[in-house]
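User: Can you walk me through the pockets in this protein? Keep it simple, please.
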Amino acid sequence: MTQTNIVVIGGGFGGLYTTKHLAKKLKKNKDVKITLIDKHPYMTMMTSLHEVAADRVDPSALKYDLQRLFSRRKHVDVVTDEVTKIDQKSKKVIGKNGEYPYDYAVLAIGSQPNDFGTPGVKEYGFTLGSLDDADRLRNHIDLMVHLGAQERDPERRKQFLNFVIVGTGFTGTEMAGELNSWKPELAKRYNLHPDEIKITMMEMAPTVMNMLDRADADKLKNT
Ligand SMILES: Cc1cc2nc3c(=O)[nH]c(=O)nc-3n(C[C@H](O)[C@H](O)[C@H](O)COP(=O)(O)OP(=O)(O)OC[C@H]3O[C@@H](n4cnc5c(N)ncnc54)[C@H](O)[C@@H]3O)c2cc1C
């Protein structure tokens, strides 16, 4: 009997649930092997990144061990590897550490934050698209408030303590909310008044949260 290989690339929400559903559906097909490949040994709960960036949640709370999630599924192999190429001719997924033959390949590698080519964003901006991003952002915010609290020049002090969030989609809005909740603790930590820490949200459209129903988005605008 020839084996059918299904390779799922990416263990985020998409890849994880695809693997879970396929594993359940095909559990009686002994000739099917499913390989789930992710560059990390864990699934990242992306929907809580802003909570890590604003120091409310420890990064470890967002990591779900992929081996453990599929430990009871004998026909699922979980592999930690970074995929660099899919060779359609030889039907192989190529990773940094190995090659994985496939009959069916599912690409679920997520997305990258987009700066739309805006000058300066790459050099001076921060993105929130991974746990590393969230860590970097949290450390930067903490450092800026620390430096701002020590700064005696009023103009420079304001600059250290003004945070601008560009984009009022879910990520930007949730980040602004988390940062606002973090303000009192930061202010206490560095001995300044919470009102000195300013949060500005920027949006190119005339309204905010434009993916929501207008009535709901307007409620948010007024909070
Ligand atoms: C702060 C924030 C809040 C959000 N809140 C919500 C919300 O409330 N509700 C909602 O519906 N959505 C929300 N989202 C969006 C949601 O997180 C994404 O839509 C979802 O994570 C997309 O799932 P995915 O599986 O496509 O990609 P991802 O979750 O990004 O997973 C992709 C996986 O692929 C892996 N990978 C990437 N490249 C490679 C490679 N070359 N080799 C091997 N592995 C690779 C990555 O390590 C990752 O594990 C939020 C996003 C953010 C950033």
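Analyst: Let's start with the second largest pocket. This is a predicted model, and in it that pocket holds about 970 Å³ of space.

User: How many residues line the second largest pocket, and which lie nearest its centre?
Analyst: The lining has 35 residues. Nearest the centre are Lys39, His40, Ile109, Ser111 and Gly129.

User: Which element gives the largest share of that lining?
Analyst: That is α5, with five residues. At least two residues each come from α1 (13–25), β2 (32–38), β3 (42–44) and α5.

User: And how does the lining of the second largest pocket split by class?
Analyst: There are 13 nonpolar, 13 polar and nine charged residues.

User: Where does the second largest pocket lie relative to the domains?
Analyst: It lies between domain 1 (4–107) and domain 2 (121–221), because both give residues to its lining.

User: OK, new topic. What about the largest pocket?
Analyst: That one holds about 1800 Å³ of space. Its lining counts 42 residues. Phe126, Thr127, Leu128, Val166 and Gly167 lie nearest the centre.

User: Which elements give two or more residues to the lining there?
Analyst: Those are α2 (49–53), α4 (121–124), α5 (131–150), α6 (154–160), β10 (162–166) and α7 (170–190).

User: How many residues of the largest pocket's lining are charged?
Analyst: Five are charged. Another 20 are nonpolar and 17 are polar.

User: Which domains does the lining of the largest pocket draw on?
Analyst: It takes at least three residues from each of domain 1 (4–107) and domain 2 (121–221).

Key
Residues numbered from 1 in each chain as written. Predicted model: local features only at pLDDT ≥ 70, side-chain atom pairs only at ≥ 80, totals over all residues. Heavy atoms only, no water. 1 Å grid on protein atoms, 1.4 Å probe; cavity = no way out; pocket = protein on both sides within 12 Å on 5 of 7 lines; lining within 4 Å. Points joined across faces, edges and corners; volume = space filled by probe spheres on them. Helix = DSSP H or I, 4+ residues; strand = E, 2+ residues; numbered from the N terminus. Nonpolar A, V, L, I, M, F, W, Y, C, P; charged D, E, K, R; others polar. Domains from an automatic or database assignment.
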